[in-house]
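Subject: Structure and what was found in it

Hello,

Here is the structure we spoke about, with the sequence. Please open it first; my notes follow below.

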Amino acid sequence: MALKLTQNLPLLQFGIHHCFAGLISVRLLCSSGLGRSSCAACLCTSAARCIQTHGCRKLRTDFSSRNVTTAVREPSFFASSSVGIHRDSELRFRLTQLHRPSSDEEKSFQQKLACCSTSRQVFSLLCSVEVLSDTMAAACLHRVADLEQDGGALRDPSVLEKDAIRALCFQLERDSERLTEAGLVSALLACTRLFLDPWSTLMVRLVTESQKRLDGEQMAVGELCVLGQAMLAMEGPGSAMLEQVIGQIQKQEPDKWSLPDLVAVYRLLEVCVGEDGKHGDLLNAMHTHAVTVTSRMDPAAVSGVLSSLVALNQRQALPLVISLCKQAVRHVPHFSDEELSHVLAALIHFGHSDRYFVDAMQNYGPRMAFTSHPETVSKVTEFFSRRNILSPTVLNAVAESFVYRADSYSTSQVARQIMAFGRLGYLPPNVGQMFKKVETILHTRFSQFQPRMLLNLLHACTLVERFPVNFLSKVFSSYFLQQLQDQDPRIERAVLAQLTQLYMTVKLECPTYEGPQLLPKYRVKSFLTSSRSLETPVDQQLYNSVKSGLVDILGDRSFFGSQVLTPYCYTLDVEIKLDEEGYALPASQTDEVYKRIALCIDGQKRFTNNVRQLLGKEVIKQRHLRLLGYEVVQIPFYEFEKYRNMSKVVEYLHQKIFPHTFRLSW
């Protein structure tokens with residue numbers, strides 16, 4: 001009788017009036033004409049348990065097996081008992097549209113909910129309110145999921161046994177037809193985040209009702225996105241229901257969406273658009289609209305859209321990336337650690353940054369180095385190094401924080417921060433302390449490093465003349481090399497180049513090393529590779545200008561070689577051979593060579609972008625060439641470009657190459 005009366009009422013609301021003795025008590029209010037209450041435990045637990053625990057036989061036939069459980073058969077869903085409600089509780093429910101919480105009340109509740117740091121606080125908050133809408137109830141489940149999720153499981157699965165959770169789940173199950181669209185899909189998504197069994201009665205009813213309303217095309221864009229996320233969690237990207245959701249989204253025009261809806265669609269598409277480029281027209285329309293609204297995006301929206309663009313690999317959307325980067329400048333101090341990490345990762349991915357964003361990061365970097373999450377600090381250093389931007393203020397702060405915080409860093413974070421110093425060829429003021437800390441970490445955590453990450457770390461140290469001799473013997477061992485092969489059966493040529501350069505560094509700069517040698521099969525013949533090269537190819541335009549001057553100085557093109565591969569793996573931009581009397585020899589001559597001059601024609605790409613400092617890989621190249629007996633002559637672009645006419649060019653080159661001789665006129 002109670003259920004029959006309540007089914008005529010159109011909207012679910014919860015009234016919570018009493019919380020005592022640590023229990024939430026429930027009573028279903030049907031109408032003033034009913035003088036008895038039903039035992040809620042009878043409605044959702046087994047009959048045997050109800051009789052044994054509560055001594056109540058009411059409704060035994062109809063509700064003896066109503067359960068909401070987690071599935072044992074699914075690896076991402078974990079076991080829990082049925083959802084039931086204690087008989088002695090006094091949790092009251094009202095099904096009416098007349099007393100729905102006001103928007104201010106709901107906003108206040110959401111703010112209090114966000115402040116809850118434990119599930120127990122969430123349950124206490126539930127006890128304190130008198131009216132609870134379906135969207136507020138779903139928000140409570142989401143907050144519990146936020147607090148209890150730990151990867152693919154709940155930290156404390158017994159949280160699902162709490163009376164508050166049982167009460168909410170039971171009412172959502174029973175009144176699924178009366179939920180609003182927003183409350184329905186939000187509750188479904190929350191249940192997936194709590195790893196409830198997809199075949200439980202609650203989940204089946206929520207999915208069935210969602211399908212019914214989806215078929216009726218009753219949902220707005222934001223609600224469709226929430227439903228899509230729930231179906232992704234339950235069935236994966238091949239879900240037929242998800243395809244139906246995307247189909248309905250495609251029928252709508254992005255320029256009419258609200259900003260939250262636009263961000264929500266991006267987040268949905270990033271996990272369900274495959275390599276085949278489906279939904280390209282929709283994405284292009286979204287990019288066009290997003291450019292017009294970036295000025296109104298908050299930090300979460302900027303970060304979310306950039307993250308989605310990376311996941312979708314939307315390289316054609318560079319105008320949108322540029323616009324988002326400009327908006328990000330305003331939000332740099334206000335991004336959360338996670339949001340800032342996403343922004344930096346996107347700018348690295350698309351190879352973009354502007355001067356204003358770099359300035360903002362340079363101002364903010366020193367402040368966050370000691371307080372932000374280690375992953376965010378690592379991403380900041382990675383951003384500056386990958387963009388070839390030398391910022392002493394940021395790197396000095398990172399180096400200081402490294403000394404004090406590195407023990408709590410992961411091995412990946414340790415390696416990536418040191419790699420930035422090596423790539424930029426920069427040593428901070430506390431260089432001694434920083435590398436002493438690196439050595440300590442290597443001693444204590446050597447076995448925890450992934451082979452590739454360890455190789456990157458040790459190679460970065462050698463770029464700035466810090467030689468990890470104590471660990472190189474392990475790197476050249478057959479055991480470590482086998483680990484490299486296990487990680488990647490076909491070792492990349494760039495990795496072999498790193499090994500070869502490490503080995504060359506040991507031979508040239510560490511004469512006391514007596515450990516294993518690098519086997520010939522792991523060595524390369526050239527450091528110049530198509531990707532991740534240990535050398536920067538010469539700037540052809542700059543080279544052609546220098547070549548013209550050299551012909552004038554030496555008298556003929558045959559007296560110097562270009563792109564000369566040495567036996568030591570390095571490629572020389574220009575090589576000039578001299579005999580004992582200082583005369584130039586033909587480039588093809590191999591005997592009677594007294595001196596070899598290596599011209600390093602250094603274009604802009606061999607320097608950091610903001611200051612005239614050679615990158616670490618160019619510094620080690622020139623250092624090694626000198627140790628190998630070459631006379632290294634550097635021709636930097638910023639010096640050469642000052643001279644516009646040939647006579648000045650020839651005079652400059654002669655002064656650089658032959659500073660102690662008079663120039664001959666041919």
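C115 is an exposed residue, with a relative accessible area of 65%. Please keep in mind that the model is predicted. The cysteine sulfur closest to that of C115 belongs to C116, and at 7.3 Å it is too far for a bond. C140 is buried, at a relative accessible area of 1%. For the sulfur of C140, the closest cysteine sulfur is again in C116, here 8.1 Å away and too far for a bond. A disulfide is a covalent bond between the sulfur atoms of two cysteines. A search of the whole structure gives zero disulfides.

Overall make-up

The protein has 666 residues, of which 53% are buried. It contains 29 helices and 11 strands. Taking contacts between residues at least 6 apart in sequence, 73% of them join residues at least 24 apart.

Helix pairs

Two packed helices are described by the angle between their axes and the distance between the axes.

α6 and α8. Helix α6 covers residues 134-148 and helix α8 residues 181-193. Their axes are 8 Å apart, and the packing angle is about 20°. Angles under 35 degrees count as roughly parallel, so α6 is roughly parallel to α8. The crossing is left-handed. On the α6 side the contact involves D134, T135, A138, L141, H142, A145 and D146; on the α8 side it involves A182, G183, S186, A187, L189, A190 and R193. Sorted by class, these are seven nonpolar, four polar and three charged residues.

α22 and α25. Helix α22 is made of residues 451-463, and its axis comes within 10 Å of that of α25, at a crossing angle of roughly 45°. That angle makes α22 oblique to α25. This crossing is left-handed. From α22, the residues in the contact are R452, L455, N456, L458, H459, T462 and L463; from α25 they are V495, Q498, L499, Q501, L502 and T505. The class count for the contact of α22 with α25 is six nonpolar, six polar and one charged.

What does T505 touch, apart from residues up to four places away in sequence? T505 sits in helix α25, residues 493-509, and its partners are T462, F467, C510, I620 and H624. With a relative accessibility of 1%, T505 counts as buried.

α14 and α15. Helix α14 spans residues 299-311 and helix α15 residues 318-331. They pack at about 150°, with axes 10 Å apart. α14 passes α15 in a left-handed crossing. P299, V302, V305, L306 and L309 of α14 meet L320, V321, L324, Q327, A328 and H331 of α15. This contact of α14 with α15 has nine nonpolar residues, two polar and no charged.

Loops

Most residues other than glycine have a negative phi, and most peptide bonds are trans. Which way does N313 go, positive or negative phi? N313 is not a glycine, and its phi is positive, about 50°. The residue lies in the loop between α14 and α15. N313 counts as partly exposed, at 41% relative accessibility.

E592 is not a glycine either, and has a positive phi of about 60°. Its place is the loop between β9 and β10, where β10 is residues 595-602. E592 is exposed, with a relative accessible area of 65%.

Y583 is in the loop between β8 and β9, the latter being residues 584-585. Setting aside neighbours within four places in sequence, Y583 is in contact with K577 and L578. Between the C-alpha atoms of Y583 and K595 there are 9.9 Å, and the two residues are 12 apart along the chain.

P567 belongs to the loop between β7 (561-565) and β8 (571-578). Is P567 buried or exposed? At 70% relative accessibility, P567 counts as exposed. The C-alpha atom of P567 is 8.7 Å from that of S526, a residue 41 places away along the chain.

Regards

Key: Residues are numbered from 1 along each chain as its sequence is written. This is a predicted model: local features need pLDDT of at least 70, side-chain atom pairs count only at pLDDT 80 or more; totals for chains, interfaces and linings use all residues. Side-chain values use heavy atoms; hydrogens and water are left out. Helices (H or I, at least four residues) and strands (E, at least two) are DSSP runs, numbered from the N terminus. Buried means under 20% relative accessible area, exposed over 50%, partly exposed in between (1.4 Å probe, protein chains only). Axes are lines fitted to C-alpha atoms, for helices over the stretch in contact, and angles run from 0 to 180 degrees between N-to-C directions. Angles under 35 degrees count as roughly parallel, over 145 as roughly antiparallel, 65 to 115 as roughly perpendicular and the rest as oblique. A crossing is left-handed if the near helix is turned anticlockwise from the far one by less than a right angle, and right-handed if clockwise. Contact means heavy atoms within 4.5 Å. Ala, Val, Leu, Ile, Met, Phe, Trp, Tyr, Cys and Pro count as nonpolar, Asp, Glu, Lys and Arg as charged, and the others, Gly among them, as polar. A disulfide is a pair of cysteine sulfur atoms within 2.5 Å.
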